[in-house]
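Student: I have a structure here that is new to me, and I would like to understand how its descriptions are reached. Could you go through it with me?

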Amino acid sequence: MKSHKKISWNVIKYSLMAISAIVTILLMVGAAQTTVFEDDFSTNLDKWIPFGSPSPQVLGSIEGRSGVFDNNGDGNCDSGVVSKDAFSLTNGFTMESDIFLRVTNPAGCWVDAFIGLTKDNSPAVNSLCAVPKGILFRIYYAGDACWQTPADKMRHAYLDGGFYTEGGAWESIGAYVSADAYIDSWHKFKVVVGEDRYVKFYVDDTLIYPSTNKIDPAILEGKKINMDGRSSGSAGKVYHDYIKLSGQSPIASLEVSDIELKQDGIANGLIRFIIKASIHNKGNIPAENIIVNFFDGDPEKNGKLIGDQKINLLQPGDKIEASIGWIPEKGTHDIYILARNGKANLQTKIDFKIINDVPGYSQFDYQRRLGCPGLCGPVASACIIGYWDQHGFDNFINGNDVFALISALKARQATICCSSNNPPPSEYCGTLFYLAVPGLIELITEKGYFLQMSVRTSINYDWQTLKDHLNRGIPLIVFSDNGNHFMPVVGYIEEGSNNKWIYAGDPAGTKSVWDYSNDLVRQGYSKAIVLEPTGIFGTITATAQCPVYLNIRDPDGLFITRESSNIPGATYVETDINGDRDPDEVITIPDAKLGDYLISVTPKPGRDHTEKYTIKINYLGTIITLAKDISISKIPDKPYIITVTYNGIIQPPMKAVAANHEFIQIGDQSAEAVGSGSATNNIKILSGLEM
């Protein structure tokens, strides 16, 4: 039974995030057993904390079953999973799983599988070779390579099980309990703990062993489900088909689902959002006095409370919406949703990813003005160009004239106008994908950004690759084979296998700015155009306009000048980047190093002392203007400094420079930072739509 909802929202940077999957928490009152946890492994391991190497995995189908768990452990250590949820089972429980052990090499060893509960409430799974169990039931095969097995016991399968008793001892079902009848086919393994705390072990509903002692009550309080073992293939493979836990008490089982983010207007130049979530009582008793908290940041690490909502009563099976208004500041945000009801304490993970300041131009607005239906290509392209115009490439749109930009794109992308808003199927109109790309390159070249911006394409982009771009802060122009439609894609929602894109407004004008739709790009069928700064992969680009030369020394003392360089891969190009027929200087340095880069300036021969220069540095999407319209006569006699850090580049305050460089920083030469960088797999961009 699939109840897990993993919803991802990555904004750049509104990373809405919380803790795990759907967590089912118990309110103990005492009655018949009810399912409190179940996973049929039809999707992924979001309900679990995996451990071990090689990592456990979910298989689509094997041995005649679909959705199968493989612990994947090797001959040295177990691999497996521990549930993210902890359970209170003081009135007893039933745990069951179908297990298949396939013996492929009788001479091998290390093939076994467990079900059980952890001994500790918070086991340190990542530092252990095997998770300590409070109660377990397993099947294993002992081949010739199992050197600890007596020779007369080799080449047989066995059952193993046991638990900690209330006296602190370990009670076992016995040594070498034959399981030869249970290999090479599926069998149901079940552990039953009664209200009296006596334990019974079953295979296919046949009683294997009844306990003589009671289980330690501590093993029934706050423990986690554990499945692990070794499935290296040396002797064979072993699989779980599902896992189910039932408790001896009625429950108020809370679930968070139907997460939504909606735009709710503009406040003080920033977008106001409403975060919505459905709270569902999936249990069989009423849940009272539910408090739903919305936090900006981890509540256990001084997260800021955005607000809360109280739900007085939620009957079994009922669902109610909780919501909160939010005007986020610019920057990165981790949003946690916490639902509390007495002992119930539910947190759910929501990772929406959105680049939140891509303009959402409407196709309808411009096709009327241009008299040209079918403008989705130029309008989608304009949305992405408009984004970069706000982040350091401000020559793209002259005087906020979006109409002129779209007109230029229409011409350069060879867009054919439709006869109407709903052209007949036989009529071809719009923009061909292969013409959209050279049109963009032509525009970028005309604007003087052909060295600072790159245009790349990919056919049949996979979901993960597109996610990676969005996670780094790179919006995309996506052409959907599903609808023959160009879209400015600015984010995604990942809910299991149900993947959706988020628009920066639909160029057809039919969606709200931050809405999303079910009929977006089909995974594996989209074509994408990626427009990005060339420094996005760790390349520093330094440009000097007009009357000066540049010299750069890196943190290791290597250098590049117009005449020579000993920095691997670095280039010095003289080209006209601003269209004034006067060569400008462009230095690119790949694979930037952490530390200080010293940029010194020398005037070109014969230039007038009143002529002015501008220097800009581009790294990971961050543009720092070191000098803007500075006269040659005011060139400092010491270098400018930029510092590459793990979080991008900064222009540090005045400081002494290491002696081997013989320079010191002098003041702030009209520093103008746009955004902030990151040396990791994403970039931090000023978030929030400024009006």
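Tutor: Gladly! Keep in mind that this is a predicted model. Let us begin with Thr 575, which touches Phe 450, Leu 451, Pro 583, Asp 584 and Val 586, leaving aside residues up to four places away in sequence. Thr 575 belongs to strand β37, residues 571–575.

Student: Why is Thr 575 called buried?

Tutor: Buried means under 20% relative accessible area. Thr 575 has 18% relative accessibility, so Thr 575 counts as buried.

Student: What makes Phe 137 and Phe 201 an edge-to-face pair?

Tutor: Two values settle that one. Ring centres have to lie within 6.5 Å, and planes over 60 degrees apart count as edge-to-face. For Phe 137 and Phe 201 the centres are 5.2 Å apart and the angle between the planes is 65°, which gives an edge-to-face aromatic pair. Phe 137 lies in strand β10 (residues 133–142) and Phe 201 in strand β15 (residues 198–203), so this pair ties together parts that are 64 residues apart in sequence.

Student: How do you know that the charged end of Lys 133 sits over the ring of Phe 114?

Tutor: The cut-off for the distance is 6 Å from the ring centre, and the charge must also be within 35 degrees of the ring normal. The charged end of Lys 133 is 4.4 Å from the centre of the Phe 114 ring and sits over that ring.

Student: Which residues touch the most other members of the largest nonpolar core?

Tutor: They are Tyr 361, Ile 385, Trp 388, Phe 396, Met 453 and Phe 486, in a core of 51 residues. Several elements each supply at least two residues, among them α2 (376–389), α4 (433–446) and β31 (485–495). The largest share, 9 residues, comes from α2. Phe 396 touches Ile 385, Trp 388, Asp 389, Leu 405, Ile 444, Lys 447, Tyr 449 and Met 453, again not counting residues up to four places away in sequence. A second, separate core of 45 residues includes Phe 69, Leu 101, Ile 139 and Leu 245.

Student: What makes β10 and β11 a pair of strands?

Tutor: At least two bridges are needed between two strands. β10 and strand β11 (residues 156–164) have 8 bridges and run in the antiparallel sense. Ile 139 stands opposite Leu 159 in β11.

Student: How many bridges are there between β11 and β13?

Tutor: There are 2. The requirement is at least two, so β11 and strand β13 (residues 177–178) count as an antiparallel pair. Here Leu 159 stands opposite Val 177 in β13. β11 also pairs with strand β12 (residues 170–172), over 3 bridges in the antiparallel sense. In that hairpin, with 5 residues between the strands, Gly 168 takes a positive phi near 90°.

Student: Why are the buried residues of α1 placed on the same side?

Tutor: The buried residues of helix α1 (residues 363–370) include Gln 363, Tyr 366 and Gln 367. They cover an arc of only 100° around the axis, which puts them on the same side of α1. On the other side, Arg 368 and Arg 369 are exposed.

Student: And why is Ser 362 called buried?

Tutor: Ser 362 is in the loop between β28 (350–355) and α1. Its relative accessibility is 16%, and the cut-off is under 20%, so Ser 362 counts as buried.

Student: Finally, what makes β34 mostly covered?

Tutor: In strand β34 (residues 540–545), 5 of its 6 residues are buried. 5 bridges join β34 to strand β38 (residues 584–589) in an antiparallel arrangement, and 5 bridges join β34 to strand β40 (residues 612–619), also antiparallel.

Terms used
Residues are numbered from 1 along each chain as its sequence is written. This is a predicted model: local features need pLDDT of at least 70, side-chain atom pairs count only at pLDDT 80 or more; totals for chains, interfaces and linings use all residues. Side-chain values use heavy atoms; hydrogens and water are left out. Helices (H or I, at least four residues) and strands (E, at least two) are DSSP runs, numbered from the N terminus. Buried means under 20% relative accessible area, exposed over 50%, partly exposed in between (1.4 Å probe, protein chains only). Contact means heavy atoms within 4.5 Å. Rings of Phe, Tyr and Trp (its six-membered ring) pair if their centres lie within 6.5 Å; planes under 30 degrees apart count as stacked, over 60 as edge-to-face and the rest as tilted. A nonpolar core is a set of buried Ala, Val, Leu, Ile, Met, Phe, Trp, Tyr and Cys residues joined through side-chain atoms within 4.5 Å. The arc is that of the directions from the helix axis to the C-beta atoms.
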